[in-house]
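This briefing sets out selected features of a predicted model.

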Amino acid sequence: MLVVGGGPTGLTLACDLARRGVRTHVVEAGDRLLPGSRGKSLQSRTLEAFDDLGVVEALTAAGSPFPPMQTWRDGERRGEWQLIRPDPEAPVSRHPRPWLVPQWRTQEILRDRLLDLGGTLECGARLTSLTQTDTEVTAEVTRSDGDRRRMSALYVVGADGSHSTVRESLGIVMKGEESGLRSAAVADVRVAGLDRDHWHIWPDPAGELLLCPLPGTTDFQLNAKITGAEFTATPETVRGLVAARTHLPSDAVTDVRWFSFYRPRTAMAERFRQGRVFLAGDAAHVHPPGGGQGLNIGVQDAYNLGWKLGQVIGRGAPDALLDSYEAERQAAAADTLDLSTRLYRAGRTPQDADEQARYRGRVCHLLSVHYRDSELSTDARKRRSPTGFQAGDRAPDLPCVTTEGSGRNLFELLRGPDFTLLAVNCAPPPEAAGLRIHQVTGGPLAQELGTGLFLIRPDQHIGLAADSPEHLGSYLARAGLRSAGR
Ligand SMILES: Cc1cc2nc3c(=O)[nH]c(=O)nc-3n(C[C@H](O)[C@H](O)[C@H](O)COP(=O)(O)OP(=O)(O)OC[C@H]3O[C@@H](n4cnc5c(N)ncnc54)[C@H](O)[C@@H]3O)c2cc1C
């Protein structure tokens, strides 16, 4: 399996494949992983996926909760407020709040996990062209020293960012380009004379400037909207922005460690799959950083695609299983594109802090993303769950009583690359290879789901909900699982 791009999407996917025993190689064009704190907010649903992939402890240690915002005017503090607040109505999650980690650090943690799991990462290796037949994909890779070689793989995933070579090689166009969003400068800077307990904001008619302390470092992430399309990001212009829009002098910026300038775009690839090649993350959709979704949605693409490729490559599931990737993730990406564009336009202003915090809290966690309309979601029950749960929803991470004992939440039972069948207040069916079965006899989980059989996919979404085992056999076959004795 070949993954193109060692960003958060490619590395997450590679970790998921490697833990399934799929031989996975990542080629990364850069001589090292991309620097910069860019996508610094890890949302609840991303933390759940990372928990399952075994990296959440390292990320917890590397990050922090988001600090309160601190507004400055005329060199004086003008009030503290919260941009991000927990949503009391959010689905229960063991990771209820977003976690602040610089993107470069998240990438390092994923890289280390990948190597532990036996996957390989080759830096300084750029995919330059791609051809495919019915049975394999051939990629030409050019190393930074000019050396070229061909690699063959059963499948290739292009996680090579917004200017994706994989996407271009396939001739897939991006739809829905939008102009009119303001450009922005982003940089990692060291600043003297500023506390690290706040996310500082200076409202300014030219565009607000923000400095967010980055945990595990002495850096701040600087964000500043820029009027007009042209701005040359250099250490001097970054210092100039600080001097022009804050009360700090330019030499308060003691170091500019990384900087960039971007023009936000909102666009989605018209297809996420062509034959044996897939697009994921920024290669498949690009949107402004409003609401901190960019990295997160790419990780969710990877978490959706990883188990499907694992079942097809390693367990003989029919190739059609892979079609559900585009169907499920295009819809999810479209929602996120709308959301992040709206939040980017709104900006971060103290005037309507309550409204913004409520809105962001409610939608940004990604816990409510569902696949109810997917062909992979079968709800064959006569009566739905009392609380409205349906096939396609993320399973509720609630405490449960099983025949093995009590005191565990569902996601502890789900951890790992396999499917799980819950028989809630009913008899479990015979065993099947690659399937864990738990008989749930009580607790909040049983109340939430109601009586029935619930087949939970490796990405924690409910695939099948049924009153009896009669639908189970055909569902398991589609997913590459076989009932015992077959
Ligand atoms: C300047 C900037 C600021 C941002 N700020 C935020 C933010 O504040 N909040 C937020 O949520 N998101 C932010 N983002 C977006 C976020 O960083 C991305 O959504 C996220 O990195 C997407 O991850 P990815 O793995 O899909 O792609 P990328 O992170 O772009 O990774 C793609 C990788 O593929 C490699 N690559 C490219 N071409 C090839 C090739 N031909 N062969 C091999 N490798 C290749 C690249 O070197 C790169 O390492 C920002 C992005 C940028 C550029």
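**Packing of H1 against H7**

- On the H1 side, the contact with H7 is made by Pro 8, Thr 9, Thr 12, Leu 13, Asp 16, Leu 17 and Arg 19.
- The axes of H1 and helix H7 (residues 294-315) lie 8 Å apart, and the packing angle is about 25 degrees. Angles under 35 degrees count as roughly parallel, and H1 and H7 are therefore roughly parallel to each other.
- The crossing of H1 with H7 is right-handed.

**Packing of H1 against H4**

- Helix H1 (residues 8-19) and helix H4 (residues 103-116) have axes that come within 9 Å and cross at roughly 20 degrees. Because of this, H1 is roughly parallel to H4.
- The crossing of H1 and H4 is left-handed.
- H1 contributes Pro 8, Leu 11, Thr 12, Ala 14, Cys 15 and Ala 18, which meet Gln 103, Gln 107, Leu 110, Arg 111, Arg 113 and Leu 114 of H4. The contact of H1 with H4 contains 7 nonpolar, 3 polar and 2 charged residues.

- E23 pairs with E29 in the parallel sense over 2 bridges. Asp 379 has Ala 465 in E29 as its bridge partner.

- Strand E26 (residues 419-424) is largely enclosed by the rest of the structure, because 6 of the 6 residues in E26 are buried.
- Phe 419, Leu 421 and Ala 423 point one way from E26, whereas Thr 420, Leu 422 and Val 424 point the other way; all are buried.
- E26 runs parallel to strand E27 (residues 435-442), and 6 bridges join the two. Opposite Phe 419 stands Leu 435 in E27.
- E26 runs antiparallel to strand E28 (residues 452-456), to which 5 bridges join it. Val 424 is opposite Gly 452 in E28, and Ala 423 is opposite Leu 453 in E28.

- For E28, 5 of the 5 residues are buried, so E28 is largely enclosed by the rest of the structure.
- The side directions in E28 divide into Gly 452, Phe 454 and Ile 456 one way and Leu 453 and Leu 455 the other way, and all are buried.
- E28 pairs with E29 over 4 bridges in the antiparallel sense. Ile 456 has Ile 462 in E29 as its bridge partner.
- E28 and E29 form a hairpin with 5 residues between them. In the turn, Gln 460 has a positive phi of about 75 degrees.

- Pro 469 is located in the loop between strand E29 (462-466) and helix H12 (472-478).
- With 44% relative accessibility, Pro 469 counts as partly exposed.
- Beyond neighbours within four places in sequence, Pro 469 is in contact with Pro 429 and Leu 453. Leu 453 is one of the buried residues of E28.
- Pro 469 and Pro 429 are 40 residues apart in sequence, and their C-alpha to C-alpha separation is 6.4 Å.

**The three-stranded sheet**

- A further open sheet has 3 strands in the order E9-E10-E11, with antiparallel pairing.
- Strand E9 (125-132) and strand E11 (148-153) are at the edges; each has a single partner strand, so one side of each is left without a neighbour in the sheet. From one strand to the next, the twist averages 25 degrees.
- E9 pairs with strand E10 (residues 137-143) in the antiparallel sense over 7 bridges. Leu 127 has Val 141 in E10 as its bridge partner.

Notes: Residues are numbered from 1 along each chain as its sequence is written. This is a predicted model: local features need pLDDT of at least 70, side-chain atom pairs count only at pLDDT 80 or more; totals for chains, interfaces and linings use all residues. Side-chain values use heavy atoms; hydrogens and water are left out. Axes are lines fitted to C-alpha atoms, for helices over the stretch in contact, and angles run from 0 to 180 degrees between N-to-C directions. Angles under 35 degrees count as roughly parallel, over 145 as roughly antiparallel, 65 to 115 as roughly perpendicular and the rest as oblique. A crossing is left-handed if the near helix is turned anticlockwise from the far one by less than a right angle, and right-handed if clockwise. Contact means heavy atoms within 4.5 Å. Ala, Val, Leu, Ile, Met, Phe, Trp, Tyr, Cys and Pro count as nonpolar, Asp, Glu, Lys and Arg as charged, and the others, Gly among them, as polar. Buried means under 20% relative accessible area, exposed over 50%, partly exposed in between (1.4 Å probe, protein chains only). Two strands pair if DSSP finds at least two bridges between them.
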